[in-house]
Amino acid sequence: MRGFLSVCVMVLGTSWAAAQETPAPAATEPAMTMDRLGQIILALDPEANFIGNGIDLVIEDIPVIVIADPTANRMRAMVPIRSAQGLEPEELMRLMQANFDSALDARYAVARGRLWGTFIHPLSSLEKDQLISALIQTVNVARTYGQSYSGGALTFGGGDSNGIYQELFDELRKRGEAL
């Protein structure tokens, strides 16, 4: 165990040090606001519904809920997956494993008796491409639930996932190009 912990500390320490040495990229887009968020989502789904700080939209026949709070500087995208009732300990363990390695920036979560695919980010620093990627990853964790439990943005090669993800990303990006 001590050896494993040493390796983890070394890897994480190296990653942290590298991150500290890399200057932050200059902002290339205006800060995300509720209006900008709404414009981007409408470009992705012209039939999106706006209710207060919430937006309901559909991507690839999957319902997505986006909620933003400018005061708290938070944005959350959510996809309902199934009832949480009956989730077995083995499946909960698999969900936690996926949160660590394959769900990527999306996460599995349980709230109000449901299993959700979620993505949470500060609102003001969210960029258009990050939002598109977040929506795709959140849809993908719902889509791959019970199978690969993957956000789909990155794979270790050899399969079809990269191409599928890239096609959807490119398609959604084109819809919001003018923004």
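Residues are numbered from 1 along each chain as its sequence is written, and side-chain values use heavy atoms, with hydrogens and water left out.

That pair sits where S1 meets strand S2, residues 54-59; the two run antiparallel and are joined by three bridges. Strands here are DSSP runs of E, at least two residues, and helices are runs of H or I, at least four, numbered from the N terminus. Two strands pair if DSSP finds at least two bridges between them.

Now the whole sheet. It is open, with six strands in the order S1-S2-S3-S4-S6-S5 and antiparallel pairing. Strand S1 (49-51) and strand S5 (107-111) are at the edges with a single partner strand each, so one side of each has no neighbour in the sheet.

What packs on the sheet? Helix H4, residues 128-143, does, touching S2, S3, S4, S5 and S6. Contact means heavy atoms within 4.5 Å.

Finally, how far do we trust it? pLDDT is the predictor's confidence in each residue, from 0 to 100. The chain's mean is 81, and 75% of its residues reach 70 or more. Confidence is highest in S4, at 98, and lowest in helix H1 (residues 2-21), at a mean of 40. Where pLDDT is low, the predicted coordinates should not be read in detail.

How values were computed: Predicted model: local features only at pLDDT ≥ 70, side-chain atom pairs only at ≥ 80, totals over all residues. Axes fitted to C-alpha atoms, helices over the stretch in contact; angles between N-to-C directions.
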